[in-house]
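Hi everyone, thanks for letting me take a few minutes today. Let's have a look at this one together.

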Amino acid sequence: MCMVFGRSSDIVIVQHPVSVYVPRSYKVTLSVRAEGTGILNYQWFKSSKEEVFGGTRADLIVTAQRSQLYICRVNDQFCNCVFSKWVTVKVLDIAKPGLPVAWRGEPHIAVHPAPQTVRQGERLTLSCIAFGIPTPHYQWYRNGHPLLGKTMDTLQIENAESDHRGTYLCYVSNVQEERWTEAADVEIVPTNQLTATDKVALLIGNLNYSHHPDLMAPTMDVHELANLLQQLGFRVVSLLDLTREEMLAAIDKFLLLLDRGVYDLGRDPFVTGKQAVEIRHMIKEPRSLTDPIRTTGHTGELHLRDACWRQANELPHQKLLIFTCGVQVEVSFSALFSNVMVAFGRVKTTGPRAQDCTITLRSTPAMEDIFSSPGRSSEMDSLLLNNLVAENPDCSLRLCGLQKLQGSLVIKVDLHYTHMDRKLWLQESKQLDIGKPLVASCDLHRVQQAMVAQRRDGAPAQSMGHSRISHSKQRPRQTLGQPGRPFTKSAECAAKVPTAGSNEPGENDETEPQDFTH
């Protein structure tokens with residue numbers, strides 16, 4: 001037993017570390033300053049609550065390789081401890097950062113906004129990237145006037161109109177200095193551009209295989225492609241690690257989002273049942289993924305597709321749990337993919353009689369973590385850093401394979417704490433029923449059961465590779481597990497001849513794919 005005599009006082013952090021934005025491989029010093037009684041000890045931690053090797057001093061020198069969260073614990077010989085604020089070391093891998101030799105952390109603009117000519121109704125995007133210690137603040141201006149709420153490094157304006165033309169600048173500052181970007185002139189031109197009634201995308205990436213080495217790329221590929229398509233106005237359903245039956249069920253569910261004028265993939269009997277890398281089209285007009293969406297005359301179908309899409313992307317609401325001891329724990333959620341969700345737990349209030357509080361999360365039923373293999377956790381940490389919904393979470397729980405859920409998902413929160421009066425280490429638990437989140441609400445297992453029943457009865461299962469969908473207005477709407485009527489290729493083409501002056505896509509039945517530069 002170690003006994004320490006003396007008088008203790010609270011530890012006070014008088015200088016917290018600050019977040020920084022630096023180029024890759026730049027050496028950063030994170031500093032914390034604290035006051036207390038006797039000798040103070042320091043320990044730095046990363047975002048995964050992993051101790052930083054050798055990080056036992058008030059100053060931590062980091063060679064930045066990727067974006068990472070850091071926090072420092074300060075304790076004394078009287079068993080008092082306190083934590084600094086979380087800070088982010090944000091890293092940009094850029095070929096020529098152009099930092100001055102004697103750079104002291106003042107804002108350095110590495111990427112200036114570029115002049116643009118944007119067609120009316122399209123998205124306007126201007127970007128500014130500035131290194132700084134601490135991380136710089138941004139304020140966008142148009143024609144010399146500040147734009148309210150435009151304080152991020154990227155300025156986005158949906159459906160640009162003539163009022164948005166002008167000269168744009170970004171004001172960048174931190175505690176050291178302030179900078180202005182170069183001016184970027186934006187011109188908005190009228191257009192008679194072809195339009196879509198909606199744009200939808202289904203992305204599936206498989207990482208783990210029974211008879212093949214696991215793949216590393218699909219996680220980031222699907223995540224980045226989903227982000228790009230969302231920026232182009234697509235409704236995206238992104239799924240990881242599906243079985244063949246689950247993929248067919250997801251495709252059948254996805255077909256409910258399709259209607260006349262919706263941008264989709266071509267289907268051809270020549271590649272049915274084969275894995276082929278190709279670009280195909282169903283349209284004669286020079287359409288583009290950047291075409292704007294016009295809902296006039298299609299609001300009814302749009303509302304139905306919107307409800308179906310939202311069903312596959314609905315997150316549980318943030319919840320505050322109050323334990324018997326008075327401790328309050330906030331549970332929040334973030335979606336990385338349509339079937340991968342992360343739950344975060346954070347102690348908000350410790351209460352009058354609880355100290356040394358720690359929390360853990362688990363689920364019923366237990367969900368397999370497909371990212372638990374070596375090298376996958378750091379990949380997920382990188383994604384989580386950009387999707388944090390809770391400030392400084394105390395713990396997190398990855399929930400994968402949500403498409404397999406057949407009932408409600410229950411999150412169990414275990415709280416461990418020391419009772420200050422009784423001097424006992426105690427535990428309390430609470431449960432949170434979050435229903436069927438994200439794609440689980442689509443009940444893909446019911447679609448699978450219907451497909452199995454069809455095969456057992458000798459009827460062919462519907463899938464994107466086995467059916468062609470007619471967009472005729474007289475066709476009954478396809479329902480879950482009920483295949484649409486089959487059409488022959490020639491009959492379907494006859495039904496899809498576009499009327500003169502139509503702005504909706506007509507099908508091109510040429511067997512050879514054509515190259516559109518859009």
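Let me start with a definition: the expected span of a helix is 1.5 Å times one less than its number of residues. Now take helix α5, residues 444-456: with 13 residues it should span 18 Å, and its end C-alpha atoms are 18 Å apart, so the two values agree. Please keep in mind that what you see is a predicted model.

Which residues of α5 are buried? They are Leu444, His445, Val447, Gln448, Met451 and Gln454. And what do the buried residues of α5 pack against? Their partner is α2, residues 244-254.

Let's step back to the whole chain for a moment. It has six helices and 29 strands. Of its 518 residues, 45% count as buried. The chain exposes about 28000 Å², and 52% of that comes from carbon and sulfur atoms. Here is a number about the fold: if you take contacts between residues at least 6 apart in sequence, 69% of them join residues at least 24 apart.

Back to helices, with α3, residues 299-311. This helix also has 13 residues, and from its first C-alpha to its last it reaches 18 Å, close to the 18 Å expected. Its buried residues are Leu302, Arg305, Cys308 and Trp309. If you look down the axis of α3, those buried residues fall within an arc of 130 degrees, so they line one face of the helix. On the other side of α3 you find His303 and Arg310, which are exposed. Why would a pattern like that repeat along a helix? An α-helix has 3.6 residues a turn, so residues three or four places apart point the same way.

Next, the aromatic rings. How many aromatic pairs does the structure hold? There are five. In one of them, the rings of Tyr21 and Phe131 have their centres 5.7 Å apart and their planes at 80 degrees, so this pair is edge-to-face. The pair links distant parts of the chain, with Tyr21 in strand β2 (residues 20-23) and Phe131 in strand β13 (residues 129-131), 110 residues apart. Both Tyr21 and Phe131 are buried.

Another pair is Phe45 with Phe83: here the ring centres are 6.5 Å apart and the planes stand at 45 degrees, so we call it tilted. Again distant parts of the chain are linked, as Phe45 belongs to strand β5 (residues 41-46) and Phe83 to strand β8 (residues 81-83), 38 residues apart. Phe45 has 9% relative accessibility and counts as buried, whereas Phe83, at 42%, is partly exposed.

There is also a cluster, in which ring pairs link Tyr141, Tyr171 and Trp180. And Tyr21 has a further neighbour: the charged end of Lys90 sits over its ring, 5.1 Å from the centre.

My last stop is Cys400, in the loop between β27 (395-399) and β28 (410-419). Is Cys400 buried or exposed? Its relative accessibility is 2%, so it counts as buried. Leaving out residues up to four places away in sequence, Cys400 touches Asn339, Val340, Met367, Glu368, Asp369, Ile370 and Phe371. Cys400 and Leu336 are 64 residues apart in sequence, and their C-alpha atoms are 9.9 Å apart in space.

Note on methods:
Residues numbered from 1 in each chain as written. Predicted model: local features only at pLDDT ≥ 70, side-chain atom pairs only at ≥ 80, totals over all residues. Heavy atoms only, no water. Helix = DSSP H or I, 4+ residues; strand = E, 2+ residues; numbered from the N terminus. Buried < 20%, exposed > 50% of the residue type's maximum accessible area, 1.4 Å probe, protein only. Arc of directions from axis to C-beta. Contact = heavy atoms within 4.5 Å. Phe/Tyr/Trp six-rings, centres within 6.5 Å; stacked < 30°, edge-to-face > 60°. Lys NZ or Arg CZ within 6 Å of the ring centre and 35° of its normal. Areas by Shrake-Rupley, 256 points an atom, 1.4 Å probe, with all protein chains shown as cover.
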